[in-house]
Amino acid sequence: MSTNHPHWIFHIEVLSRAISDLEATCAATPGSPEFIFLRSETPVIIAEAKEAISALKRQVYELERARSSNLSTGT
């Protein structure tokens, strides 16, 4: 089953990186340079994660639609 979106692994990597960055933010000492930097990047990290989730949802929907179409046509 082929779709027009072969980059689902990329979106998973974006989510994985976002989780790692958010974990690092939580573990950093408040007020430290690392904390200040990561905290300032949090809106971008969250926006990228949301975009990746939306893309994955679209791709799953397309895969399910293609699967249903294949099942109904018997291919």
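1. Helix H2 covers residues 33-73, and its 41 residues should span 60 Å at 1.5 Å a residue; the C-alpha atoms at its ends lie 59 Å apart, which agrees. The expected span is taken as 1.5 Å times one less than the number of residues. Helices are DSSP runs of H or I with at least four residues, strands are runs of E with at least two, and both are numbered from the N terminus.

2. This is a predicted model, in which local features need pLDDT of at least 70 and side-chain atom pairs count only at pLDDT 80 or more, whereas totals for chains, interfaces and linings use all residues. Residues are numbered from 1 along each chain as its sequence is written, and side-chain values use heavy atoms, with hydrogens and water left out.

3. The secondary structure of the protein chain consists of 2 helices and 0 strands. Of its 75 residues, 20% count as buried; buried means under 20% relative accessible area, exposed over 50%, and partly exposed in between, with a 1.4 Å probe and protein chains only. The accessible surface of the chain is about 5700 Å², and carbon and sulfur atoms account for 61% of that area. These areas come from the Shrake-Rupley method with a 1.4 Å probe, and for residues only the protein chains shown count as cover.

4. Helix H2 has a kink of about 45 degrees at Thr-42, shortly before the proline Pro-43. The bend at a residue is the angle between axes fitted to the seven residues ending there and the seven starting there.

5. Helix H1 has 20 residues and reaches 29 Å from its first C-alpha to its last, close to the 28 Å expected. Its buried residues are His-11, Val-14, Leu-15, Ala-18 and Thr-25. Seen down the axis of H1, they fall within an arc of 95 degrees, so they line one face of the helix; the arc is that of the directions from the helix axis to the C-beta atoms. This buried set packs against H2, while the face turned away from it carries the exposed residues Ile-19, Glu-23 and Ala-27.

6. Among contacts (heavy atoms within 4.5 Å) between residues at least 6 apart in sequence, 68% join residues at least 24 apart. Gln-59 lies in helix H2 and is buried, with a relative accessible area of 8%.

7. The structure holds 2 salt bridges, each defined as a side-chain nitrogen of Lys or Arg within 4 Å of a carboxyl oxygen of Asp or Glu. In one, Arg-17 pairs with Glu-48, with the closest N and O atoms 2.6 Å apart. Arg-17 lies in helix H1 and Glu-48 in helix H2, so the pair ties together parts that are 31 residues apart in sequence. Arg-17 is partly exposed at 40% relative accessible area, and Glu-48 is partly exposed at 31%.

8. Another salt bridge joins the side chains of Glu-64 and Arg-67 (3.6 Å, N to O). Both residues lie in helix H2, 3 residues apart, about one turn of the helix. Glu-64 is partly exposed at 40% relative accessibility, as is Arg-67 at 41%.
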